[in-house]
Amino acid sequence: MKIVERRVMSVVLVSISVLLLYYYQHDKLANYLKDRFHIYVLLGGLVAMTMGVFSFLTAGIEGDCDHDHGDDEDEGCETHEHASDMNPFVGLAIVLMPIFCSLKWTTHEISDARQDALSEIDVSSADFAFNQLPPFTIETLDKAKTKAPDGAYQLNIFELFFTAGDTVQEKVVNGLYVETEAKLRNEPTRNTNGKRMRLFRLMMNCCAADAQAVPMTIEFDGDTPDFAHNSWVRVAGIMSYEREGGVVYPLLKVKRIEEIPVPAGEWSEGMTK
Amino acid sequence: MDLQRDGSWCRSLLFMDPILANHQADFALNFLSLFLEGAPYILLGTLISGFIDVYMPSSLMDRLVPKNKFAAIFSCGLMGLILPVCECAVVPVIRRLVSKGLPISCAFTYMLAAPIVNPITIWSTWHAFSEQDQWWVVLSRIGMGYGVAVLVGIILLALPVEKVLRDSILKTLRSVKDKKAKSAEDETCCGHDHDHSQDHSHSHDCGHDHAHDHDHSNANEDEGCGHDHSHAHSHSHAHDGGNNRIVMAMRSGVQDAMDVAVYFSIGVCLTAMFNIWYVMNQEMMAEHLDSIWLETGGMMALAFVLSLCSTSDAFMAATLRGVGIGSKMAFMVLGPMLDVKLLFLYQTVMRKKFLTCLAVGLFVLIGLLSVAWEKFEPFREVLNNKASVELTVSNEGGVE
């Protein structure tokens, strides 16, 4: 194989390694991959860099692999370099083009249109197969959770969402004054009086491509506030539940709401941790 | 004409449309997240494949795999328990093992089973379904994945390798087989044992051992069995670069990485695009999947499109709303065996015609098995009774 072709292939590997290592140190990696995959990004980057650089530097060395190739003079170590079906330059273009385009286009965020599509679905906790909230009482909540200055228990939306349908935990949380942070959008269903909005947060199982939204309806006494679509808010209110078609939905009756900056750790670990 | 007049057609082409801008950002996020998730495993796989290529002699495969073809297939289906790999990493490894002479029936059984029958996937499935028929789901997934993989392996016993493997792999495989045959012929041609009693191991200053096994057990070669025992030696003994095995291993790994990366890249592109379409239309899809057949088919299509890693797909399956256990099983069994990116990765090993048959076959077989499995209540009840007793005890303890 020609030395140039070997070097082109090495360049592909080095490019992939640069991408992996760049993202490993990038503070937005958590927007792409769940934490448990991060170490593999580093490992993959180091492997690709080692292979690519080593092969680039040794492209001119002819091979001798020191094991049996039979008794044929013509077929020695070069058989390790099997005939590729792909021209290395074409391969280079196919691998690098989508990477460059994606790097140019990425905003490191899920677009508003996709968030709308994900959060529009009216899911209940029963739709999620696993509900790993440990059993708790008001005493355990007092010990485990902090409270806002006005006495609201600070719980995340997943904890509130997954209490619905669990009769024991519903009893603990029903009527409780709680505070949570999430994104805010209009309520597309179960909103006959027009005084409801929807909170949601996204969670991923492996990567951003499999993101799902966990929603919760909130209800206002008066008119709904005029916040920007999908803005982050901190909401406090009284927890309650409503049953419709045999499904239990959590409902937060709002006492106060304020817009907040995007919190650190915007992506939740969800329920799979 | 209208499209051209109002300019939307032109804007779309130029990616200036706001909707397309959203889709571009989502495509980029999907592509990069899938690429970052899968590429490390592929790279590790190709590194291993490079070292297998150079350091593993072809004859080792003959010694490792059981002689009985069926025993070999059944044992290869369980190899994932010892060598746990996900579906991305297994493809380059399999390419190399097939080139080394591992029978395709064994290789494909391992390739299809390993992403499911491995400790990591088993643990993640167990964890994900901890509140939903745990025993049933875990055992079903292992059983179905193993069964399907073994069945494919057995079917491959009846197929000529030329109809399965692509030309580049065949060429390497033939080369290995020719050498093995030639070597065997040299050893047995005259009906008696030419034992290598005089191994010539000699070291040069290059620091590694050049073992040449010559047969000199017959005192007089010309008078031995009547044919010519002379043969040429393959090593030129020109070592200007020192010990080059590591160079060859790396070079082989880089070439594998290049081949696989091309198909992986195309597969991830398509997955990212399909994923956008799915999210925008999932409500409509859910409404139309109103029978067990459609639901199962839909879930398999989803597994195909989403291309999730087998080590994590159980978490996704567990969170899919309103879906029957059989359909979830179809999702978790088909996904590690066949998805968009795998379809392209498999093209580095298989002929397109065979790959099409394999894809359709897996889709139909797993669909039928999953529907049947969902209806197979008695065994499920037995397993669940045990689990529900444990859960009841646990919950009561928590409430108190």
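1. A residue is buried if 20 or more other C-beta atoms lie within 10 Å of its own, exposed if 12 or fewer, and partly exposed in between, with C-beta atoms placed from the backbone. His108(A) has 16 C-beta neighbours inside 10 Å and so counts as partly exposed. The phi angle of His108(A) is near 65 degrees, a positive value in a residue other than glycine.

2. This is a predicted model, in which local features need pLDDT of at least 70, side-chain atom pairs count only at pLDDT 80 or more, and totals for chains, interfaces and linings use all residues. Residues are numbered from 1 along each chain as its sequence is written, while chains are lettered from A and ligands numbered from 1 in the order in which they are written.

3. His108(A) sits in the loop between helix H3 (88-105) and helix H4 (112-119) of chain A. Helices (H or I, at least four residues) and strands (E, at least two) are DSSP runs, numbered from the N terminus.

4. Arg190(A) also has a positive phi, near 45 degrees. Its loop joins strand E2 (177-186) and strand E3 (196-203) of chain A. Because 14 other C-beta atoms lie within 10 Å, Arg190(A) is partly exposed.

5. In chain B, the axes of helix H7 (residues 104-113) and helix H9 (residues 134-157) come within 8 Å and cross at roughly 160 degrees. This makes H7(B) roughly antiparallel to H9(B). Axes are lines fitted to C-alpha atoms, for helices over the stretch in contact, with angles from 0 to 180 degrees between N-to-C directions; under 35 degrees counts as roughly parallel, over 145 as roughly antiparallel, 65 to 115 as roughly perpendicular and the rest as oblique.
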